[in-house]
Amino acid sequence: MQIFEFHFNPKKKEGLVFDSFVYEPENIYEQKLGNLYMVGELTNALPQNYQFLSNLALTIKNSFYHISAKSAAESSLRNSLKEANKFLENQEKNGNVDWLGNLNFAQISLKDFNLNFTKVGDIKVILCRERKIMDIGKELERSFSESYPLKIFSKIISGKLAQQDKIIILTKEAYELFSKEDFFSEIILVFEKNLPQKAIEEEIKKVLNKKRGLLSEISGVFILISLDSAQNVTVNVREPVVSKKKIDFKLPAFGDLIKVKNIKELSGRTKNILEKLFFYLKKIFDLKKTLDLKRIKSVGIYLKEKIKNIRPKIRIKLPEKISFLRVFSSKKILLIIFILILMAGSGMYLSEKNKQKEIIKFQGILEQIKQKASEAENALIYRDEKKSNLLYQEAWKEISGYLSSKNPLEKEFFEVKNSIEKELFALNKTIQNPNLNPVFDFEGKNFSPQKILLAGLNLYFINNSSNKVYSFNLKQKSNDFVEIPETVKLGAILKDFPILLSNNNKLIYLNKKEKIAPQTIENPYPDFNFIDFAIFGSNLYFLESNKKEIIKFSFKESENKISGEAWLSPETKKPANAPLSMAIDGSLWLLNENQTISKYYKGEAQEDINLDFFPYIEKPAKIFTQAEFSYLYILTQAQNRIVVLDKKGVLLKQYKFDDLNDIKDFIISKDEKTAYLINGLKVLEFKL
């Protein structure tokens, strides 16, 4: 085992105290409990608290290694936390409450490969395993109970480490810099070189020295515990850990402030008094993160004594024009001012009290969400992607419900939500903004394409308010159009030529331009509304929305009138929600409004596939496949996304286009290697 300790710039920041403590067993009894490591930080520290961390660490150490302690390391750690809470309770009883809200502390026990730890505040405990960086302290709550006695340390996390694992403990500033500059990855690579222990120490120093300028701007602790070796090595880069500039909160004597001769001077002095009083009241509230009367008792006593001893000598000469002020003596004026200050102070106190309660409430909610995200991260470590995905989705749903201006921690909630989304995009195989190549632009053509068809090397475009059909040859890069006698709403490809359904429910087959003759189709029932159209063999299948039916037609080019019949078996289950789109490859696939796909074969229902991946499907628009295709393709226009599934419903890829905002339709090439889509007036392609 190797232990590396680094202390950065301990004298840089006024009132900041930090230290680290490493304790090893001194006899055979203590060896049963293993090693004990602690890192502490105290912000806004007063001079009398410079030894606070050392005293707390010594209390924990003595209790942890006490001869009457149970043999289990976890039990000993729990016993030491009870003593730590007693220590903090006694500090408060004796009037030392300045550590409240300012204490950051982590305590770790390590015996063989058994890890037990706890923490409070902004200390980070990181596990490095196989180049993965995990914040294993996420689920530990930072809670300052308002009840008495205080129980700052309450939860313990236990786990089993593996060979080559590394535990890293950092204070807040050190963690933020290490994360930003990716020190973690560089340090892990040092250990992969299998260097002698002395060389490892030098290599770590080299890594840190690369950013010497940035490191000089922070103050904090970095400890690394490596399980690579059985030997202990301590690298100690330390200086005195505090800046001992005195912090003086002495209140001024009121009598010294108020010596005036006229009303003009009194106004200026009164303003000065008010400003100073509110300044000190604000200091009280700022210093006490968790507010109650007990914790400002000492300041209250001081104020009381000062007010009691006020002997202001005020001689006020009032101008004649302001005669109504004569009724007020200088003492009455001071009394009114003092009452106003008390009222303002009470309002500030109650407002701050309510604000703190809200913050504590939302801190608890955020920590619960972080805990769920941590569980998802752990599931991923053990390669359980399904469980990890579900847990991350649950955490995302929960945190999304708390994003509002009423949330005092809205910024922190957004940061956690973004980190969860990043994991979900990776788990749900999202490819963001793939390279798009322009194919054709309808700018200036007086035509807005709404649907796209592909036959061989020709793309066809239709618009349901136009009687023109545009074509574009992918090889020759040429375009042309055909005028037809009807406006068109749907289309499909039959034997490499478009067959179209007009708004008047007539078929137009474009296999020969000189013989364009609409054919009438007859539906088996009145009041029908065809919303989609697909072809398999020589049969035409129409999706009818009013009765949720599939109407099948056997197409014969020579006939003027074609009759249809209901394809779905009368006994089979129909879609529960309105179907939106249809595709055929031998089986028939219906994309439904409720984010499901219904599969049918020979008119019988087979199965429903739930589209429960992330991001959640919103307003699905089109499903597409063909007999020779291996996959199903889905367009969600509202999310500018094309989803690829296998034919068992397993998610394979998602293509998300953040730069597009008007995707109308898409089509896939025969070899399933290229996708073509319409965005506004432009036709684009991208590789699958």
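Predicted model: local features only at pLDDT ≥ 70, side-chain atom pairs only at ≥ 80, totals over all residues.
Visitor: Where is Pro615, and what kind of peptide bond joins Phe614 to it?

Guide: Pro615 is placed in the loop between strand E29 (604–610) and strand E30 (620–624), and the bond joining Phe614 and Pro615 is cis, with omega about -5°. Lys619 lies in that loop between E29 and E30 as well, and its phi is near 50°, a positive value in a residue other than glycine. Most residues other than glycine have a negative phi, and most peptide bonds are trans.

Visitor: Is Lys619 buried or exposed?

Guide: Lys619 is exposed, with a relative accessible area of 65%; buried means under 20% relative accessible area, exposed over 50%, and partly exposed in between, with a 1.4 Å probe and protein chains only. Lys477 also has a positive phi, near 60°, in the loop between strand E16 (468–473) and strand E17 (478–483), and at 57% relative accessibility Lys477 counts as exposed.

Visitor: And what share of the whole chain is buried?

Guide: Buried residues make up 48% of the 688 residues in the protein chain.

Visitor: Switching to sheets, what is the strand order in the open sheet of eight strands?

Guide: The order is E18-E19-E20-E21-E25-E24-E23-E22, with mixed pairing, where two strands pair if DSSP finds at least two bridges between them. Strand E18 (488–494) and strand E22 (530–536) stand at the edges, each with a single partner strand, so one side of each is left without a neighbour in the sheet.

Visitor: How do E18 and E19 pair?

Guide: E18 and strand E19 (residues 497–502) run antiparallel and pair over six bridges, and Leu490 has Leu501 in E19 as its bridge partner.

Visitor: What about E36, which strands does it pair with?

Guide: Strand E13 (residues 437–441) pairs with strand E36 (residues 682–687) in the antiparallel sense over four bridges, with Phe440 bridged to Val683 in E36. E35 and E36 form a hairpin with two residues between them, and Gly680 in the turn has a positive phi of about 65°.

Visitor: How many aromatic pairs are there?

Guide: The count comes to 37 aromatic pairs, where rings of Phe, Tyr and Trp (its six-membered ring) pair if their centres lie within 6.5 Å, and planes under 30 degrees apart count as stacked, over 60 as edge-to-face and the rest as tilted. Phe362 and Tyr402 have ring centres 6.2 Å apart and planes at 90°, so this pair is edge-to-face. Phe362 lies in helix H11 (residues 330–381) and Tyr402 in the loop between helix H12 (385–400) and helix H13 (410–427), so the pair ties together parts that are 40 residues apart in sequence.

Visitor: Which of those two is buried?

Guide: Phe362 is buried, at 8% relative accessible area, whereas Tyr402 is partly exposed, at 33%.

Key: Residues numbered from 1 in each chain as written. Heavy atoms only, no water.
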